[in-house]
Amino acid sequence: MKKKTQGSFGELLVASALVRDGWTVSFPFGENTRYDLIAERRGVFLRVQVKCVMPKGGALEVNLRSCNNWSVRRYTAHEIDMIAVCDASSRNVYFLPKKELNRSFIHLRLAAAKNGQKKFTRRAEDYADMPLDGVVSVK
């Protein structure tokens, strides 16, 4: 799947999961925003950046930066409220809170590590629910 198509696929999967969970979803016009969609429920608005990734070696490697032909920029908590990670293989969606944005990449384990390591690993299933800590209502 081409990169742009994979991104659109991921955005639609995330939007579908959010709508299923009672959120209203809006998409910004154009491509000049740092987020891919807005999720709103009961006066709470969240800027969501979507990353659609194919699993490799039992994990999802999520790039927490945007890249184009001339620059690489990390996402910041001032620009987005969370990153939604779409597993392009299983179509599962995981939500990373903005406190995870202090790095360039994050790995979400789909299966146990072959060497048995558990310390310092992030299990994808721990990110299945949308984090609302630190989110404020506009009402």
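At 8% relative accessibility, E100 counts as buried, where buried means under 20% relative accessible area, exposed over 50% and partly exposed in between, computed with a 1.4 Å probe on protein chains only. E100 is found in the loop between β8 and β9 (105-109).

The model is predicted: local features need pLDDT of at least 70 and side-chain atom pairs count only at pLDDT 80 or more, while totals for chains, interfaces and linings use all residues. Residues are numbered from 1 along each chain as its sequence is written, and side-chain values use heavy atoms, with hydrogens and water left out.

What surrounds E100? Leaving aside neighbours within four places in sequence, E100 is in contact with L64, I106, R122 and Y127; contact means heavy atoms within 4.5 Å. With Y127 there is also a polar contact of 3.0 Å between the two side chains. A polar contact is a pair of N or O atoms within 3.5 Å; within protein, one must be able to donate a hydrogen and the other to accept it, and residues adjacent in sequence count only if both atoms are side-chain atoms.

Now the chain as a whole. The protein chain has 1 helix and 9 strands, in the sequence pattern α-β-β-β-β-β-β-β-β-β. It has 139 residues, of which 39% count as buried. Its accessible surface comes to about 8800 Å², with 51% belonging to carbon and sulfur atoms; these areas come from the Shrake-Rupley method with a 1.4 Å probe, and for residues only the protein chains shown count as cover. Among contacts between residues at least 6 apart in sequence, 56% join residues at least 24 apart.

Five of the strands can be followed together. An open sheet of 5 strands has the order β1-β2-β3-β7-β8, with mixed pairing. β1 (24-26) and β8 stand at the edges with a single partner strand each, so one side of each is left without a neighbour in the sheet. From one strand to the next, the twist averages 30 degrees. Two strands pair if DSSP finds at least two bridges between them.

The sheet can be crossed strand by strand. β1 and β2 run antiparallel and are joined by 3 bridges, with S26 standing opposite I38 in β2. Between β2 and β3, also antiparallel, there are 5 bridges; here the bridge partner of I38 is R47 in β3. β3 (44-53) is mostly covered, since 8 of its 10 residues are buried.

Helix α1 (residues 3-20) lies across β1, β2, β3, β7 and β8, running at about 135 degrees to β3; axes are lines fitted to C-alpha atoms, for helices over the stretch in contact, and angles run from 0 to 180 degrees between N-to-C directions. α1 has 18 residues and reaches 26 Å from its first C-alpha to its last, close to the 26 Å expected at 1.5 Å a residue; the expected span is 1.5 Å times one less than the number of residues. Which residues of α1 are buried? They are Q6, G10, L13, V14, A15, A17 and L18. The buried residues of α1 pack against β1, β2, β3, β7 and β8. Just after α1, G22 takes a positive phi of about 95 degrees.

Most residues other than glycine have a negative phi. In the hairpin of β2 and β3, which has 2 residues between the strands, R42 takes a positive phi near 50 degrees. R42 is exposed, with a relative accessible area of 64%. R91, in the loop between β7 (82-87) and β8 (93-97), has a positive phi near 70 degrees. R91 is exposed as well, at a relative accessible area of 52%.

A further loop residue is E79, located between β6 (72-74) and β7. Is E79 buried or exposed? At 17% relative accessibility, E79 counts as buried. Not counting residues up to four places away in sequence, E79 touches R34, Y35, R47, R73 and R74.

Technical notes:
Helices (H or I, at least four residues) and strands (E, at least two) are DSSP runs, numbered from the N terminus.
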